[in-house]
There are 2 protein chains.
Amino acid sequence: MKRGASKSQPTINDVAAHAGVSKKTVSRVINGSPLLADKTRQKIEQAIETLGFVPNPQARALALRRNFLVALLHDNPNAQTVLNFEKGVLSAIKTSDFALVVRPVERDSDELMQDIQSFLERQRPWGAMLLPPISERDDIARLCERLGVRYVRVGSAILDLPDRCVASNDQQVVEQATRQLISLGHRRIGFVRGPRGFRSAHEREAGFLAALDAAGLPLPNKYRAEGNYRYESGVDAGRKLLTQKQPPTAVFCSNDEMAAGLLNVAHGLKIDVPAQLSVVGFDDSPTAQHMWPPLSTIRWPIFDMGIVAARKLLPEFLGCQTGSLPTTIESMFVVRESMAPI
Amino acid sequence: MKRGASKSQPTINDVAAHAGVSKKTVSRVINGSPLLADKTRQKIEQAIETLGFVPNPQARALALRRNFLVALLHDNPNAQTVLNFEKGVLSAIKTSDFALVVRPVERDSDELMQDIQSFLERQRPWGAMLLPPISERDDIARLCERLGVRYVRVGSAILDLPDRCVASNDQQVVEQATRQLISLGHRRIGFVRGPRGFRSAHEREAGFLAALDAAGLPLPNKYRAEGNYRYESGVDAGRKLLTQKQPPTAVFCSNDEMAAGLLNVAHGLKIDVPAQLSVVGFDDSPTAQHMWPPLSTIRWPIFDMGIVAARKLLPEFLGCQTGSLPTTIESMFVVRESMAPI
DNA sequence: TTGTAAGCGTTATCAC
DNA sequence: GTGATAACGCTTACAA
């Protein structure tokens, strides 16, 4: 029963027998070993083709003491973001033997660390990619390290060593967008901040304040609100900022969802956007262009970040040098109709 | 070098040595074999605990000739849908040894079939879950079958044998929603269809027409538009339907994105929603409640479908009987402010 | 109830 | 250049 013309997948033994060589030689072909006679290689490739042989990744994983999985850990910052990232990763690993394993987690759960640990222990992925906000947590990064799982953290700022993170330049791009609001003549500019504990919220605020500072503009408390990146908190912020005697003529919202909330409050108050109020968001979520009016916003280069994250995790398999990979990837300010001169 | 106090993960041998039993006995504990002396079991569990042993899934996969991966194949019908489905699947498999591998594909690509095939051959998942619209393609289902990969198809109608599919009841729920529009007094009701070739588009149309039929109402061509499930096509549909001399007083849109487009055309035309126009969508995408006014829509039970799909794929591992699992899961009509009496 | 031997499909070592 | 042979960590016969 050494091997039969089994109806299941052919193995390396079948190929070896078919080509009249040893299995090690076949293995050399699979792994692209250079020390091989061209004739032998061709004969074996022929046999592989004929038999439709595909190496068993489990067996390779066992023998190589590593596997062909990269993990994506996230707590859904935004569905489109996650999916675009996945697509970026996939476009990078498509031709490799790697597959992408996803693990949504709950950042507020008590078992978060335990959950991640047992996942990593069970699957032992070759590496893990962390999306914000959990990418910002050093304890999770340390957990990966302790378990011997490489990782790459994705964030709004440089969170780790260059070959362990990919960052967007939130601060600069928000500063630039705010400068543009100012150059449109706006002087009373409101700000809706993201939640405490989110690095992105901090970075975006810093960029906003830098632009205001440079222009010598103040940010009075009445023009300032703090949300949690959700629609409802944007509604609350809108109520606070837009019902004043002298409301701001422009508002920067730290993400699109909150901008949508604020925008709808403006509609309810019959405030004409953009004639009376300019609004800018962040994320360029698909709905940004579907809002009324279409929202000016900042597009995160999340697809490209997926590509780079995958390459940083698997440089040796994707054929690239870690050193040549960028750590910061530029965001883009997308101007739409929600923004106008005062 | 049989085994050292290696700094890497302890193996079954380490546990066996530590507990003073054979590895087979440890294996019995891992696999929950009933024929084991309680004392032995406890001793081994103790050793596992002390050493922090976690069985290597690759090795198990090899020995068992199967692996612990379920695949999710999709062509992003809608980011939130995919993510909610993933979460459903995950909540079902969380306590098992299985992991979820995702594979976004491009349904219009020439290499679609080739791409899926090479993915399945490479990873050899235990099973695959297919999300619409690719779940509707019989050729893909047959490909899975040919490769010996079980599958479960998710769709808007029953697409396959009961233990190979999970369906929502699009037709009935759309019929019900349309009846509700009619009972609000609407007689001129427009319809924005989804694209040809999508089963969901067909089902939703059938439900809509059934309700109209039952009420003896016509659907003249001028109240009918066909879109591609994208925002822009909703805009086009809005232009067609709402600029007529006698526009419809209500419109059913086959998904939320198209409803958003139509809604924004209405805003541009200064049509008051819902006073002059009621709009209903489908999906309950996160933005549905963020539109202005918040959109009445139909919520797909996609999280639950994820749970059921996983259970149908892995009944023996998740401890459930395929027979007791539903094939159709009911959608829910969510009424919000975009809908009012005529 | 437990242990022994063989094998899952691949790669590494080290001869030839 | 190529091929025995022994791993890799676990499971399934089959014995004891």
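**Figure 1. Domain division of chain A.** Chain A is divided into domain 1, residues 2–46, and domain 2, residues 170–300. The model shown here and in the following views is a predicted one. Taken over C-alpha atoms, the centres of domain 1 and domain 2 of chain A are separated by 62 Å.

**Figure 2. Relation between the two chains.** Chain A is superposed on chain B by a rotation of 180° with 0.0 Å of shift along the axis, and the RMSD is 0.1 Å. The two copies are thus related as by a two-fold rotation axis. The residue of chain A that comes closest to the rotation axis is A:V101, with its C-alpha at 2.1 Å. The same surface serves both copies, as 100% of the contact residues of chain A recur in chain B.

**Figure 3. The contact between chain A and chain B.** Chain A contributes 31 residues to the contact, and chain B contributes 31 residues. On the side of chain A that touches chain B, the elements giving two or more residues are α4 (57–64), α5, β2 (99–104), α6 (112–123) and α11 (256–268). Of these, α5(A) gives the most, with 7 residues. Sorted by class, this side of chain A has 17 nonpolar, 9 polar and 5 charged residues.

**Figure 4. Crossing of helix α5 of chain A with helix α5 of chain B.** The axes of the two helices, each spanning residues 79–93 of its chain, come within 8 Å and cross at roughly 85°. Angles of 65 to 115 degrees count as roughly perpendicular, and α5(A) and α5(B) are therefore roughly perpendicular to each other. On the α5(A) side the contact is made by A:A79, A:Q80, A:V82 and A:L83, and on the α5(B) side by B:A79, B:Q80, B:V82 and B:L83. This helix contact has 6 nonpolar and 2 polar residues, and no charged ones.

Figure 5. An open sheet of 12 strands with mixed pairing has the order β11(A)-β5(A)-β4(A)-β3(A)-β1(A)-β2(A)-β2(B)-β1(B)-β3(B)-β4(B)-β5(B)-β11(B). Its edge strands are β11 (328–329) of chain A and β11 (328–329) of chain B, each of which pairs on one side only. Strand β2(A) is joined by 3 bridges to strand β2 (residues 99–104) of chain B, and the two run antiparallel. Here A:V101 has B:V101 of β2(B) as its bridge partner; A:V101 is also the residue of chain A that comes closest to the rotation axis.

**Figure 6. Strands β3 and β4 of chain B, with helix α6.** Strand β3 (residues 127–130) and strand β4 (residues 150–155) of chain B pair in the parallel sense over 4 bridges. The bridge partner of B:M129 in β4(B) is B:V152. Helix α6 (residues 112–123) of chain B lies across β2 of chain A and across β1 (69–74), β2 and β3 of chain B, and runs at about 170° to β1(B).

**Figure 7. The four-stranded sheet of chain A.** This open sheet has 4 strands in the order β7-β6-β8-β9, with parallel pairing. The edge strands, each pairing on one side only, are β7 (224–226) and β9 (278–280) of chain A. On average, and with direction ignored, neighbouring strands of the sheet are turned by 15° against each other. Strand β8 (residues 250–253) of chain A pairs with β9(A) in the parallel sense over 3 bridges, and the bridge partner of A:F252 in β9(A) is A:V280. Helix α8 (residues 170–183) of chain A packs on the sheet and touches β6 (189–193), β8 and β9 of chain A. The direction of α8 makes about 175° with that of β9(A).

**Figure 8. Backbone details in loops of chain A.** Most residues other than glycine have a negative phi, and most peptide bonds are trans. A cis peptide bond, with omega about 10°, joins A:V273 and A:P274; A:P274 lies in the loop between α11 and β9 of chain A. The peptide bond from A:W292 to A:P293 is also cis, with omega near -10°, and A:P293 lies in the loop between β9 and β10 (297–299) of chain A. A:Y229, a residue other than glycine, has a positive phi near 70° and is placed in the loop between β7 and α10 (231–242) of chain A.

Notes. Residues are numbered from 1 along each chain as its sequence is written. Chains are lettered from A and ligands numbered from 1 in the order in which they are written. This is a predicted model: local features need pLDDT of at least 70, side-chain atom pairs count only at pLDDT 80 or more; totals for chains, interfaces and linings use all residues. Axes are lines fitted to C-alpha atoms, for helices over the stretch in contact, and angles run from 0 to 180 degrees between N-to-C directions. Angles under 35 degrees count as roughly parallel, over 145 as roughly antiparallel, 65 to 115 as roughly perpendicular and the rest as oblique. Two residues are in contact if their C-beta atoms, placed from the backbone, lie within 7 Å. Ala, Val, Leu, Ile, Met, Phe, Trp, Tyr, Cys and Pro count as nonpolar, Asp, Glu, Lys and Arg as charged, and the others, Gly among them, as polar. Two strands pair if DSSP finds at least two bridges between them. Domain bounds come from an automatic or database domain assignment. Copies are superposed by least squares on the C-alpha atoms of residues with pLDDT of at least 70 in both.
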